[in-house]
Amino acid sequence: MGSMSGNEITTLRPLKISEYIGQGAAVRTLKVFIEAVKKKGLPTEHILLYGPPGIGKTTLANIIAHELEGEMKVTSGAAMQKSGDLAAILTNLKDHDILFIDEIHRLPKTVEEMLYPVMEDYFLDIVIGKGPSARTVRLPIPRITIVGATTRLALLSAPLRDRFGLLMRLDYYTDSEMEKIVDRSAGLLKMKIAKNVAREIAKRSRRTPRLANRIIKRAHDMLVVNKHAEISDEVLTELFSLLELDDFGLTDVDRKYLKTIGIKFQNAPIGVNTIASAMSEDIQTIEDFIEPYLLQIGFLKRTSRGRQLTPKALQHLGVKTKPEQPQLV
C-alpha cells in the first residue's frame, strides 16, 4: 500500500488484527466488523476512533484497510479546508478503500456537511454554478469505509458523530502490554533485548506505542553506530540521557510544566491559561499532550479552582510537602 512506505515507525506497525497488542474491546469489535464486511461483501458502518495521541488510531485504520484488501488514503481535518479537497480525494477511491481522516474535529462546517450524504448514501453532492442558476449534481462514489480519528471527541458536532456506526475509545496501554510492544518492535529490528531493558524502555514510553517505537529506533541507531551486540544498562543510561527522559518518561517540557505549578506558583490551584502564559506554550499542547499522561500517572489533579500537583509529583520534583495539620474536633 502506498501509505505504508518511507517511514520506519510505520514498518513497526502490525498489518493484521491478530498481531495487534492491547485495546481488547476495540479489537474484538473490529474483528466482528471485518468478518461482517467479508461475508456481506461491502462495508456497513463507518468508524470513529478517539483517545490520546500515539496510541494506535492510524495503525488500526491501516489494519482495517489491509484486512479488507483495500488501500488507505490518509488526510486530516485541517488539510481539507475546501469542498473541492474532499471531492478530489473521493474521486480517487475504490470499493473497500479506507478514507482515514485524522483530527476530524477540525473539519470546516462546509466540508463536514458534504460528508453526510457520502457516509449515508455513498453520494457526493456538488453544486455547479452560482446564484439562481446553481444546481446540485449527485455523483455516486465507491463503497468506502470512513475512519475518523480525534483526540477531542467533545469538539465533534452531534450530526457528524451520529453518522459513525462504531465509536471506539482507545486508551493508554498497561505496563505488560507496553513490554510486549517493545519486544515485538525490537524483534522486527533484529535487536537483542533483555527483559529488564524492555521493562525500562516500556516504563519511559508513557504507555504509548509511538513513543516506545521512537525510543527503540534510537536504541537501534546506537547499536549500529557503536557496534554494540545488545543494549546493556550503560547503553540504556546513555540513551535516556540523550533523549532527556527521566524514570517516568517525562521530558523537559513535562518537567517545566510541573515546576511552573509546583515551584513557581508554590502548588496553589492555577488555571491553564496562566500556566500556558508562564510556559510560553500553547493551551492545546498542554491539554492534549502534557496533562493526559500526568493525570494517568497520578501527578496532577484538576479541580474547579485550577490545576494542582499531587504529593507524588512534588516528591518527584524534590519539593518538600508540608505535613497535613491534624483536624481539631
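At what angle do helix 12 and helix 13 pack, and how far apart are their axes? I took this up as my opening entry, keeping in mind throughout that the model is a predicted one.

**Entry: helix 12 and helix 13**

I looked up helix 12, which covers residues 272–279, and helix 13, which covers residues 283–296, and found that they pack at an angle of about 100 degrees with their axes 9 Å apart. Since angles from 65 to 115 degrees count as roughly perpendicular, helix 12 and helix 13 are therefore roughly perpendicular to each other. On the helix 12 side I noted V272, N273, I275, A276 and M279, which meet I283, I286, E287, I290 and E291 of helix 13. Sorted by class, this contact of helix 12 with helix 13 has 7 nonpolar, 1 polar and 2 charged residues.

**Entry: helix 11 and what covers it**

I then turned to helix 11 (residues 252–264), whose buried residues I listed as D254, Y257, L258, T260, I261 and G262. What covers these buried residues of helix 11 includes helix 12 and helix 13, and also strand 8, strand 9 and helix 14 (311–317). For Y257, leaving aside neighbours within four places in sequence, I found contacts with I275, M279, I286, I290, E291, L294, L300 and R307. Just after helix 11, I noted that Q266 takes a positive phi of about 50 degrees.

Which residues touch the most other members of the largest nonpolar core? I found that this core holds 71 residues, and that F33, I47, Y257, L258 and L294 are the ones with the most contacts to other members. Apart from it lies another core, of 25 residues, and I wrote down L48, I89, I104 and L124 as being among them. I set beside this the general remark that in soluble globular proteins nonpolar side chains tend to be buried together.

**Entry: strand 8 and strand 9**

I next followed strand 8 (residues 300–303) and strand 9 (residues 306–309), which pair in the antiparallel sense over 4 bridges. A hairpin of 2 residues joins strand 8 to strand 9. For L300 I looked up the bridge partner in strand 9, and this partner is L309.

In what order do the strands of the open sheet of 5 strands lie? I read the order as 2-3-6-1-7, with parallel pairing. Strand 2 (72–76) and strand 7 (166–169) stand at the edges and have a single partner strand each, so one side of each is left without a neighbour in the sheet. On average, neighbouring strands of this sheet are turned by 20 degrees against each other, with direction ignored.

Within this sheet I checked strand 3 (residues 98–102) and strand 6 (residues 145–150), which run parallel and are joined by 4 bridges. In this pair, I101 stands opposite G148 in strand 6. Helix 2 (residues 24–40) packs on the sheet, where it touches strand 1 (47–50), strand 6 and strand 7, and its direction makes about 155 degrees with that of strand 7. Helix 3 (residues 57–67) also packs on the sheet, touching strand 1, strand 2, strand 3 and strand 6, and its direction makes about 175 degrees with that of strand 3.

**Entry: positive phi in two loops**

I looked at Q23, which lies in the loop between helix 1 (8–11) and helix 2. Phi of Q23 is near 50 degrees, a positive value in a residue other than glycine. Is Q23 buried or exposed? Q23 has a relative accessible area of 9%, and since buried means under 20%, Q23 is buried.

E103 has its place in the loop between strand 3 and helix 5 (109–121), and its phi is near 45 degrees, again a positive value in a residue other than glycine. I noted that E103, at 29% relative accessibility, counts as partly exposed.

**Entry: F123**

I found F123 in strand 4 (residues 123–128), where F123 is partly exposed with a relative accessible area of 28%. Not counting residues up to four places away in sequence, F123 touches P117, V118, R138, L139, P140 and I141. The C-alpha atoms of F123 and L139 are separated by 5.5 Å, although the two residues are 16 residues apart along the chain.

**Entry: the whole chain**

Of the 329 residues in the chain, 46% are buried. Among contacts with a separation of 6 or more, residues 24 or more positions apart account for 69%.

Technical notes. Residues numbered from 1 in each chain as written. Predicted model: local features only at pLDDT ≥ 70, side-chain atom pairs only at ≥ 80, totals over all residues. Heavy atoms only, no water. Axes fitted to C-alpha atoms, helices over the stretch in contact; angles between N-to-C directions. Parallel < 35°, antiparallel > 145°, perpendicular 65-115°, else oblique. Contact = heavy atoms within 4.5 Å. Nonpolar A, V, L, I, M, F, W, Y, C, P; charged D, E, K, R; others polar. Pairing = 2+ DSSP bridges. Core = buried A, V, L, I, M, F, W, Y, C linked by side-chain atoms within 4.5 Å. Buried < 20%, exposed > 50% of the residue type's maximum accessible area, 1.4 Å probe, protein only.
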